[in-house]
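Reader: I'm new to reading protein models. Could you walk me through this one?

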Amino acid sequence: MCGRAPVGHALWAADPVCAKMAASHHESDVFEFVVKKGFGVKGLADSGITSVPPRYIHPPDERIDRKKTIDASPFLGSPIDLSGLEGEKKDETIAAICEAASKLGFFQVVNHGVSLQVMERAKQDAHTFFNLSPEKKAVYLKGKTPCPNVFYSTSFGRRPRKNSFSWFIDLLTGIYGCRDAAHDYLKAASKMIQGILGALLRGLGVEYDESLLSCYMEAKAVNMNFYPPCPNPELTVGVGRHSDLAALTILLQDDIGGLFVKVEDGGWIEIPPVEGAIVVNVGDTLEILSNGRYKSAEHRVIASSTRARVSVPIFVSPRPHTMIGPLLGLAEKDGKTVYRHLLFGEYMTNYFGAAHQGKKTLVFARL
Ligand SMILES: O=C(O)CCC(=O)C(=O)O
Ligand SMILES: [Fe+2]
């Protein structure tokens with residue numbers, strides 16, 4: 001049967017059910033194979049398809065055309081040296097972080113305290129996991145996983161096209177080896193996360209209770225994203241345009257590139273891979289906390305036609321019961337209140353629900 005056979009081209013020929021699915025462009029067959037049986041988008045890629053099934057073809061205005069990408073340099077500065085947060089350059093470094101968060105909402109950091117080895121291991125383990133046989137991965141499918149905080153899922157929709165393997169920090173039971181790499185990465189990144197979020201809150205120039213900083217970064221989730229080689233990357237998207245829910249996203253990308261961010265005039269720039277650098281972006285939650293000063297930018301990802309791309313984001317968020325809204329005193333300082341106060345859980349429900357369809361997710365929290 002499909003679910004027990006090894007991934008690979010031969011599989012299709014060997015198994016009549018799979019062969020039918022491979023040949024079929026029927027949505028229900030593709031859904032059964034990719035989602036239900038847990039083959040994922042990788043299973044499709046491995047089957048040797050020469051064009052993406054119709055379900056993965058996006059409308060022309062949603063496709064990513066590399067040729068239309070604009071020059072990043074007016075928007076994206078050089079990576080910020082985080083060693084400056086300790087010592088004489090502290091104010092200068094805080095100012096650079098705050099400027100980048102206000103201007104583009106994306107920046108890169110170096111000297112962040114996470115070793116190259118830890119970063120490489122996290123990316124490598126994403127490859128290791130996604131290269132497991134479908135039946136091994138299927139054990140972790142959402143709804144089946146023995147540990148609800150660790151699950152494997154694959155997207156199937158008009159918009160996103162990615163396999164996503166999620167690790168949540170409150171996972172304590174070891175059920176798969178790459179848990180260690182994800183945890184090591186998260187542990188190594190914790191000081192950096194606190195430094196960046198602390199700098200951003202401080203840069204708002206209002207007094208705030210230090211305990212709030214811990215509240216806003218209390219829940220951290222590590223995802224492992226896998227983008228298999230795609231026969232027609234220009235017709236589809238790896239991840240469709242979105243802004244992140246979290247306060248901050250700390251993203252490891254590999255050397256392939258393909259992460260695009262929307263800039264104010266409507267163009268898209270690419271965040272180039274820089275060896276040793278980590279990408280940081282503002283999420284909706286921080287845009288709300290900062291009364292709109294920091295920008296939760298729309299971004300999207302294109303797959304490569306030749307190589308499997310991986311990325312490992314850490315989403316830094318409050319817990320659902322935490323109230324979010326512009327920091328006390330900020331609205332007076334800014335002379336306007338852009339966002340209302342609401343529970344993070346309420347915002348999260350809206351973010352993952354259909355309520356915002358066709359609108360930006362942040363509209364829900366706008367006054
Ligand atoms: O893969 C990437 O570079 C970014 C992925 C992303 O935007 C996300 O997981 O939210
Ligand atoms: Fe994202």
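Author: Here are some questions and answers about the chain, its metal site and its ligand.

Author: This is a predicted model, where local features need pLDDT of at least 70, side-chain atom pairs count only at pLDDT 80 or more, and totals for chains, interfaces and linings use all residues. Residues are numbered from 1 along each chain as its sequence is written, chains are lettered from A and ligands numbered from 1 in the order in which they are written, and side-chain values use heavy atoms, leaving out hydrogens and water.

Reader: What share of the 367 residues count as buried?

Author: Let's start with the parts: the chain has 12 helices and 14 strands. These are DSSP runs numbered from the N terminus, with helices being H or I of at least four residues and strands being E of at least two. Buried means under 20% relative accessible area, exposed over 50%, and partly exposed in between, using a 1.4 Å probe and protein chains only. Of the 367 residues, the buried share is 54%.

Reader: Which residues coordinate the iron ion (ligand 2)?

Author: Donors are N, O and S atoms within 2.8 Å of the metal (3.2 Å for Na, K and Ca), and since water is not among the atoms, sites may look incomplete. The donor residues follow the spacing H-x1-D-x54-H in sequence. At 2.1 to 2.2 Å, the coordinating residues are H242 (NE2), D244 (OD) and H299 (NE2).

Reader: How many residues apart in sequence are the parts that H242 and H299 tie together?

Author: H242 sits in strand β6 (residues 239–242), while H299 belongs to strand β11 (residues 299–301). Because of those positions, the pair ties together parts that are 57 residues apart.

Reader: Which side chain does the D244 side chain join in a polar contact of 3.1 Å?

Author: D244 is in the loop between β6 and β7 (248–253). Contact means heavy atoms within 4.5 Å, and beyond neighbours within four places in sequence D244 has contacts including T249, N281, F315 and Y351. A polar contact is a pair of N or O atoms within 3.5 Å; within protein, one must be able to donate a hydrogen and the other to accept it, and residues adjacent in sequence count only if both atoms are side-chain atoms. The side chain joined to D244 at 3.1 Å is that of H299.

Reader: How much of ligand 1 does the protein bury?

Author: Oxygen atoms of ligand 1 lie 3.1 Å from a polar side-chain atom of H242, 2.8 Å from one of R309 and 2.6 Å from a side-chain N or O atom of S311. Taken alone, ligand 1 exposes 290 Å² (accessible areas come from the Shrake-Rupley method with a 1.4 Å probe, and for residues only the protein chains shown count as cover). The part the protein buries is 96%.

Reader: Which strand gives the largest share of the shell around ligand 1?

Author: At least two shell residues come from each of β5 (219–227), β11 and β12 (309–317). The largest share is 4 residues, and the strand that supplies them is β12.

Reader: Which residue's backbone nitrogen does the side chain of N232 reach?

Author: N232 is in the loop between β5 and β6, and it counts as buried at 11% relative accessibility. At 2.7 Å, its side chain reaches the backbone nitrogen of V52.
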